[in-house]
Amino acid sequence: MAAPPPNPVPVAYRGVLPSVPDWLNKGDNAWQMISATLVGLQSVPGLVILYGSIVKKKWAVNSAFMAFYAFAAVVICWVVWAYKMSFGDKLLPFWGKAGPALGQKFLIKQAALPATTQFYDNGDVETAMATPLYPMASMVWFQCVFAAIALILLAGSVLGRMNFKAWMAFVPLWLTFSYTVGAFSLWGGGFLFHWGVMDYSGGYVIHLSSGIAGLTAAFWVGPRSSNDRERFPPNNVLLMLAGAGLLWMGWAGFNGGDPYTANIDSSMAVLNTNICAATSLLVWTWLDVIFFKKPSVIGAVQGMITGLVCITPGAGLVQGWAAIIMGILSGSIPWFTMMIVHKRWTLLQKIDDTLGVFHTHAVAGLLGGVLTGLFAEPELCALFLPVTNSRGGVYGGSGGIQILKQLAGGAFIIGWNVVATSIICVVINLVIPLRMSEEQLLIGDDAVHGEEAYALWGDGETYDVTRHGDITEHNMETRTSTGATQVM
């Protein structure tokens, strides 16, 4: 009998081993990869566009490039050592053991978070180890884009004056000594994870940490130049909205991918995310109209962001009506801290947080964490959390204790980030100045990068006769532009 003809289809495209092992769920894997891509798009190009557009013209290139550089730097640091510090074997109650996530044998095996097995007090297993139905490579990449956006959000606090070389040193140091601690403690199987602190998708790990670290870094770097602080108009409002839109739509992957599976909980998370963001945007805009008589586009973007941040720690844990309440509060409380408290609190006035990251991420993130402790619905909690019988305060039982756990978890993230970020900034400043030179602060992108966002002579540039023509042709009395209005 003749031998059967060889199969012309490569093994990778056959529905059999080894490319499709028994544990692989193609739907889960596809959703996780899509979610990771959506989160990545939030940063590149989302926040690259947003940062490059929301700042003064002379800082457009520098601000966009800080985000662009951070994304690339985090990817390499993540796979070389930081992933396992966040999701590997336990080294300390708040930290995993460092190690590479690069080898084929590690990356194509089934994903598993080894420190996530939850035990009862008597030693019996309460919840088994988290083992999603896709390869480690999908998990590594999904968590990588979360780490990257945390650094990029932090950058919003120090735009317009941080030395780019210092930023190049800051990114791997903060990722290693701050982000990985929060990620392991709350997600990777650390002490807050097992204690039952709820952070569905990063209200604490990403937003509270980046907001507090951003404010701390802004303190050590110092303020922008006085001219920039007094007048800092966005250079392209329409493009800013494009970046904001990518951030909003990308949040479907941010919150929808965090159950580690394409299940009913991920659907709840995506819907709640949009409900809260829309409510928050509307409330912020209404407050602007009521108190300032004008609807601010930048204000609407800030309200959108606070809504997205607030729902993040409870996206798949609360009901739709709770998402509306959270949106009302996220559109009003951060508005109040930014518009009222900030202008009256001397400490906040002294610290130049360029984009108000403290208010939009730290305040909104902590608010979301506490509200999650209030509104987390027991049935939804059972779909996701390792601690059985978890619930929010409005559902009685242990719910009251949950609010205290949320406050304690937030306090740990705040304290760690203040201390770690301060040490990192002090150490860097011993080697590299944290702050740009006065000439760079005056000129902006042209001095820092030798590049400009637009082919126009604008705010902050030193006038160069070889590039801009004879000064007498324009009947000018000065060789330096000092503000949005030129001296003619």
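This is a short walk through one protein model, from the overall fold down to single residues.

A word on the source before we start. The model is predicted. Please keep that in mind throughout.

Let's begin with the whole chain. The protein has 19 helices and four strands. Its length is 488 residues, and 55% of them are buried. Now the contacts. Take those with a separation of 6 or more: 75% of them join residues 24 or more positions apart.

Next, a pair of helices. Look at α7, residues 203-221, and α16, residues 399-431. Their axes come within 8 Å, and they cross at roughly 40°. The crossing is right-handed. Which residues of α7 make the contact? They are Tyr 204, Leu 208, Ser 209, Ile 212, Ala 213, Thr 216, Ala 217 and Trp 220. Notice the spacing along α7. An α-helix has 3.6 residues a turn, so residues three or four places apart point the same way. From α16, the contributors include Gly 409, Gly 410, Ile 413, Asn 417, Thr 421 and Cys 425.

On to α11, residues 297-311. This helix has 15 residues. From first C-alpha to last, α11 reaches 22 Å, close to the expected 21 Å. Is the helix mostly covered or mostly open? Mostly covered: 13 of the 15 residues are buried. Look also at where α11 starts. There, a side-chain oxygen of Ser 296 comes to within 3.3 Å of the backbone nitrogen of Ile 298.

Now two glutamines. Gln 118 sits in strand β3, residues 118-119. Buried or exposed? Gln 118 counts as buried, because its relative accessibility is 6% and the cut-off for buried is under 20%. What does its side chain meet? The side chain of His 194, through a polar contact of 2.5 Å. Set aside the neighbours within four places in sequence, and Gln 118 also touches Asp 124, Val 125, Glu 126, Thr 127, Pro 386 and Val 387.

The second one is Gln 143. You will find it in helix α4, residues 136-155. Its relative accessible area is 0%, so Gln 143 is buried. What is around it? Beyond the neighbours within four places in sequence, Gln 143 is in contact with Trp 78, Tyr 83, Phe 87, Trp 187 and Tyr 260.

Hold on to that last name, Tyr 260. This residue lies in the loop between α9, 237-256, and α10, 264-292. Tyr 260 has a positive phi of about 65°, and it is not a glycine. Tyr 260 counts as buried because its relative accessibility is 13%. So here is a loop residue in contact with the buried Gln 143.

Lys 293 also has a positive phi, about 70°, and again it is not a glycine. Lys 293 is in the loop between α10 and α11. Buried or exposed? Exposed, because Lys 293 has 66% relative accessibility, and the exposed class starts over 50%.

One last backbone feature. The peptide bond from Val 44 to Pro 45 is cis, with omega near 15°. Where is Pro 45? In helix α1, residues 26-54.

To recap. We have a right-handed crossing of α7 and α16. We have a mostly covered α11. Over to you.

Definitions and conventions:
Residues are numbered from 1 along each chain as its sequence is written. This is a predicted model: local features need pLDDT of at least 70, side-chain atom pairs count only at pLDDT 80 or more; totals for chains, interfaces and linings use all residues. Side-chain values use heavy atoms; hydrogens and water are left out. The expected span of a helix is 1.5 Å times one less than its number of residues. Buried means under 20% relative accessible area, exposed over 50%, partly exposed in between (1.4 Å probe, protein chains only). A polar contact is a pair of N or O atoms within 3.5 Å; within protein, one must be able to donate a hydrogen and the other to accept it, and residues adjacent in sequence count only if both atoms are side-chain atoms. Axes are lines fitted to C-alpha atoms, for helices over the stretch in contact, and angles run from 0 to 180 degrees between N-to-C directions. A crossing is left-handed if the near helix is turned anticlockwise from the far one by less than a right angle, and right-handed if clockwise. Contact means heavy atoms within 4.5 Å.
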